[in-house]
Amino acid sequence: MGSSTAYPVFRTDDLAEAYRRARLLCGRMKPLDAEMWLCAQAHTVEEARRLAVLLPTGLFQPSYDWDRDVWFVGTELPGGDRELAAELPLTVDAYAAPGPVEQALLRALGRGAATMLWYGDWPAVPGIPSASRTSTNQRVELDVNEEHSDGRHTVYVHFGYADEVGAAHLAAAIGGSVLGPGQLGR
């Protein structure tokens with residue numbers, strides 16, 4: 001999928017509430033893809049092992065050494081705790097069917113950051129520019145454990161191009177508001 005314009009529409013310290021609002025937005029979309037994208041960081045051996053069980057086909061890479069070109073599939077993480085600890089922190093990228101994996105990922109996380117992306121098609125609403133365009137790059141994003149002075153979990157709405165009117169409409173539907181300008185999305 002290509003890049004998108006993302007608008008933050010809800011931010012809180014309450015992870016359950018951020019997740020609830022993200023799922024409310026997902027309920028407004030017509031799903032386009034049977035899979036969602038998940039990305040998470042593991043800072044401890046225990047977190048890495050929990051994420052590997054949850055995402056056995058996920059690709060794990062040392063988080064801060066992108067030039068090192070080392071990847072592990074979840075089922076093939078180093079077996080010994082000492083060897084695994086030497087690779088930390090790890091970032092895992094995976095696609096999975098929405099549903100139980102979402103709550104399981106939130107339970108598996110420790111202090112590491114995570115992102116969930118759900119792909120869909122925003123509803124057609126008269127007067128909102130995105131309603132008349134293609135559904136490319138329309139999605140809901142939940143970022144977990146971010147560094148923000150006013151909350152650590154942020155919900156974003158994505159469009160294939162700038163659409164602050166559409167973002168404001170979707171934000172209002174979940175009791176949020178557009179919290180900043182559109183930015184390059186994932």
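Two strands pair if DSSP finds at least two bridges between them. The exercises below apply this to a predicted model.

**Exercise 1. Which residue of strand 9 is the bridge partner of Phe-10? How many bridges join strand 1 to strand 9?**

Step 1. Find Phe-10 and look across to strand 9. Its bridge partner there is Val-155.

Step 2. Count the bridges. Seven of them join strand 1 to strand 9. The two strands run antiparallel.

Step 3. Turn to strand 10, residues 183-184. Two bridges join strand 1 to strand 10, again in an antiparallel arrangement. Here Ala-6 stands opposite Gln-183.

Step 4. Check how covered strand 1 is. Eight of its eight residues are buried.

**Exercise 2. Which residues of helix 5 are buried, and what covers them?**

Step 1. Helix 5 spans residues 164-173. Its buried residues are Gly-166, Ala-167, Leu-170 and Ala-171.

Step 2. Look down the axis. These residues cover an arc of only 135 degrees, which puts them on the same side of helix 5.

Step 3. Recall the general rule. An α-helix has 3.6 residues a turn, so residues three or four places apart point the same way.

Step 4. Name the cover. It includes strand 1 (5-12), helix 1 (15-28) and strand 9 (153-159).

Step 5. Go past the end of the helix. Gly-175 follows helix 5 and has a positive phi, near 75 degrees.

**Exercise 3. Are helix 2 and helix 4 roughly parallel or roughly antiparallel?**

Step 1. Note what is needed. Two packed helices are described by the angle between their axes and the distance between the axes.

Step 2. Read off both values. The axes of helix 2 (residues 45-54) and helix 4 (residues 100-108) come within 9 Å and cross at roughly 170 degrees.

Step 3. Apply the cut-off. Angles over 145 degrees count as roughly antiparallel. Helix 2 and helix 4 are therefore roughly antiparallel to each other.

Step 4. Name the residues that make the contact. Helix 2 supplies Glu-47, Arg-50, Leu-51 and Leu-54. Helix 4 supplies Val-101, Ala-104, Leu-105 and Ala-108.

**Exercise 4. Why does Arg-139 count as buried, and which side chain does its own side chain contact?**

Step 1. Locate Arg-139. It lies in strand 8, residues 139-144.

Step 2. Use the cut-off. Buried means under 20% relative accessible area. Arg-139 has 1% relative accessibility, so it counts as buried.

Step 3. Look for its polar partner. The side chain of Arg-139 makes a polar contact with the side chain of Ser-4, at 3.4 Å.

Step 4. Compare sequence and space. Arg-139 and Tyr-119 are 20 residues apart in sequence, and their C-alpha atoms are 4.5 Å apart.

Step 5. Repeat this for Leu-117, in strand 7 (residues 114-121). Leu-117 is buried, at 2% relative accessibility. Leu-117 and Leu-38 are 79 residues apart in sequence and 6.6 Å apart in space, C-alpha to C-alpha.

**Exercise 5. Which backbone oxygen does the side chain of His-153 reach?**

Step 1. Locate His-153 in strand 9. At 2% relative accessibility, His-153 is buried.

Step 2. Follow the side chain of His-153. It reaches the backbone oxygen of Asp-13 at 3.5 Å.

Step 3. Survey the contacts of His-153, leaving aside neighbours within four places in sequence. Among them are Phe-10, Thr-12, Leu-15, Ala-18 and Asp-143. Asn-145 is another of these contacts.

**Exercise 6. Where is Asn-145 found, and where is Pro-89?**

Step 1. Asn-145 is in the loop between strand 8 and strand 9. It is buried, with a relative accessible area of 11%.

Step 2. Check the backbone of Asn-145. Its phi is positive, about 60 degrees, although Asn-145 is not a glycine.

Step 3. Move to Pro-89, in the loop between helix 3 and strand 6. The peptide bond from Leu-88 to Pro-89 is cis, with omega near -5 degrees.

Terms used: Residues numbered from 1 in each chain as written. Predicted model: local features only at pLDDT ≥ 70, side-chain atom pairs only at ≥ 80, totals over all residues. Heavy atoms only, no water. Buried < 20%, exposed > 50% of the residue type's maximum accessible area, 1.4 Å probe, protein only. Helix = DSSP H or I, 4+ residues; strand = E, 2+ residues; numbered from the N terminus. Arc of directions from axis to C-beta. Contact = heavy atoms within 4.5 Å. Polar contact = N/O pair within 3.5 Å; in protein donor to acceptor, adjacent residues only side chain to side chain. Axes fitted to C-alpha atoms, helices over the stretch in contact; angles between N-to-C directions. Parallel < 35°, antiparallel > 145°, perpendicular 65-115°, else oblique.
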